[in-house]
Amino acid sequence: MTSDNLRSACSKPLKVYCGFDPTAESLHLGNLLGIIVLTWFHRCGHKAVALIGGATATIGDPSGKSLERPEIDPDALQRNTTGIANTMTRILGSSGSLVILNNYDWWKEVRLLDFLKNVGRYARVGTMMSKESVKKRLETEQGMSYTEFTYQLLQGYDFLHLFRKEEITVQIGGSDQWGNITAGTELIRKTLQQQDETEGGGAAAYGLTFPLLLKSDGTKFGKSEDGAIWLSPSMLSPYKFYQYFFSVPDADIVRFLKILTFLDMEEIGELERGMKSPGYIPNTAQRRLAEEVTRFVHGEQGLEDALTATQALKPGSDTALDWKMIEGISEDIPSCSLPLSGVLDSSIIDLSVSSGLLDSKSAARRLLKQGGLYLNNTRVDSETKRIQPQDIVDGKLLLLSAGRKNKVVVRISS
């Protein structure tokens, strides 16, 4: 916190904002903590404001980046802005609990000379150079452009504008945003100092940061082998989102329950004690984490879809499969298209190879003997098994599994 006075200031309703630059069509897991902190403020009676950086995204925040961000074209910027606004509305609601603003709405009216006169004169180059995001970049061969160097002033001016026009007094962000946030609180202090003295004082501006999401090994939490963990269901299905949290290691689970859910500490303590008990069922805590976070991001329907797909795709499950269910999660697992003539009456061994599930017939035979080869979640016990018409789900596809995790969807092409 920029000041401990924020604790006492929270005794009255405040307006709190968090910024999100639209550099992609969806927010990702790295943004989730900001949304959760906004939600905590809202639950405590404060007003939550999400600021979409339609202007600042054209510059690019250098914080935590080793290279300058590529320029975003106007059409992509508009798509990204719309996508992020939709994500925020879906998660936090649109019934007055959330205000969404776009900083392009005021930056489009700002002239360079006015900015230099009203903002630039309060900025000290030495202070700007001392920011961690600047120092790290200046140590690299690529250095930092003047455009990126001014980013902290742009974000600082956003806070000043919101302070003046919207009566927003608190900005929150990840720990990598400390320099940008303090640029705003300092700008507010300097530009309004004379006014406050004349009027006998005024509202104070505060900054609050939270740690970035890291695993116990120090690596960033929020990336999978396939890339970012997106919050939009159009970019990552609720099923795969759920599975990511279900696979969190035991070493991280309690910390993430505390950070990423709204469970009370007593319940989390019970889960932690349960993990140490002799009769603990593996992944019980992971299941609770996955359910809570998926519900928060994707709603009850998204969680229900994820649980249904999880159960249906479990090898040995007796949940009836239908092609719509499998098609719905087919983007999350490997798939291929084969003609009906290449599938019907094929041996399970041959299909396991032609579909790409396994590399060789010998590997397929070995897995089958070990009891790890499944067709539509049913274990295959015989090498003589051939694909029959009734094996093709709704006449459209098959689901092959090698063990519990490796799967492939075989679509029947016309």
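Reader: What percentage of the residues in the chain is buried?

Author: Please note at the outset that this is a predicted model. A residue is called buried when its relative accessible area is under 20% and exposed when that area is over 50%. In this chain of 414 residues, buried residues make up 48%. One of the buried residues is Ala312, because its relative accessibility is 0%. Ala312 belongs to helix α14, which covers residues 284-312.

Reader: How many helices and strands does the chain have, and what does its C-alpha trace span along the principal axes?

Author: The secondary structure comprises 18 helices and 12 strands. The C-alpha trace spans about 90 × 50 × 40 Å along its principal axes.

Reader: How far apart in space are Ala312 and Asn377?

Author: One compares the separation along the sequence with the separation in space. Ala312 and Asn377 are 65 residues apart in sequence, while their C-alpha atoms are 7.9 Å apart in space. A second pair can be read in the manner just shown. Lys324 and Lys396 are 72 residues apart along the chain, and 9.7 Å separates their C-alpha atoms. Lys324 is part of helix α15, residues 323-329. With a relative accessible area of 60%, Lys324 is exposed.

Reader: Let us turn to charged side chains. Which side chain meets that of Arg111 in a salt bridge?

Author: The general idea is that side chains of opposite charge can pair when their charged atoms come close. Here the side chain of Arg111 meets that of Asp114 in a salt bridge, with 3.1 Å from N to O. Arg111 is exposed, at 58% relative accessible area, whereas Asp114 is partly exposed, at 25%. A search of the whole structure gives 12 salt bridges.

Reader: Where do Glu186 and Arg189 lie?

Author: Both residues lie in helix α10 (residues 178-199), 3 residues apart, which is about one turn of the helix.

Reader: Which parts of the chain does the pair Arg365 and Glu383 tie together?

Author: The side chains of Arg365 and Glu383 form a salt bridge of 3.3 Å, N to O. Arg365 lies in helix α18 (residues 361-369) and Glu383 in the loop between β10 (378-379) and β11 (397-402), so the pair ties together parts that are 18 residues apart in sequence. Arg365 is partly exposed at 35% relative accessible area, and Glu383 is partly exposed at 32% relative accessibility.

Reader: Which residues are linked in a network of salt bridges?

Author: Glu267, Arg288, Glu292, Arg295 and Glu300 are linked in such a network.

Reader: Now to the surface. Which residues form a nonpolar patch there?

Author: Leu112, Leu113, Leu116 and Tyr146 form a nonpolar patch on the surface, and together they have about 500 Å² of accessible area. Helix α5 (residues 112-118) contributes the largest share of this patch, namely 3 residues. Leu113 is found in helix α5, and with 67% relative accessibility Leu113 counts as exposed.

Reader: How much space lies in the largest cavity?

Author: Rolling a probe the size of a water molecule over the atoms shows where empty space is left. The count comes to 1 cavity of 30 Å³ or more, and the largest cavity holds about 30 Å³ of space. Among the residues that line the largest cavity are Asp61, Ser133, Phe149, Tyr151 and Asn180. By class, its lining has 4 nonpolar, 4 polar and 2 charged residues. Helices α7 (132-138), α8 (146-149) and α9 (151-165) each supply at least two residues of that lining.

Reader: Finally, is the phi of Asn283 positive or negative?

Author: Most residues other than glycine have a negative phi. The phi of Asn283 is near 75 degrees, a positive value in a residue other than glycine. Asn283 lies in the loop between α13 (265-275) and α14, and at 29% relative accessibility Asn283 counts as partly exposed. Asp345 also has a positive phi, near 70 degrees. Asp345 lies in the loop between α16 (340-343) and α17 (348-354), and Asp345 is partly exposed at 46% relative accessibility.

Technical notes:
Residues numbered from 1 in each chain as written. Predicted model: local features only at pLDDT ≥ 70, side-chain atom pairs only at ≥ 80, totals over all residues. Heavy atoms only, no water. Patch = residues over 30% accessible without salt bridge, like charges linked within 9 Å, V, L, I, M, F, W, Y side chains within 5 Å. Areas by Shrake-Rupley, 256 points an atom, 1.4 Å probe, with all protein chains shown as cover. Salt bridge = Lys/Arg side-chain N within 4 Å of Asp/Glu carboxyl O. Helix = DSSP H or I, 4+ residues; strand = E, 2+ residues; numbered from the N terminus. Buried < 20%, exposed > 50% of the residue type's maximum accessible area, 1.4 Å probe, protein only. 1 Å grid on protein atoms, 1.4 Å probe; cavity = no way out; pocket = protein on both sides within 12 Å on 5 of 7 lines; lining within 4 Å. Points joined across faces, edges and corners; volume = space filled by probe spheres on them. Nonpolar A, V, L, I, M, F, W, Y, C, P; charged D, E, K, R; others polar.
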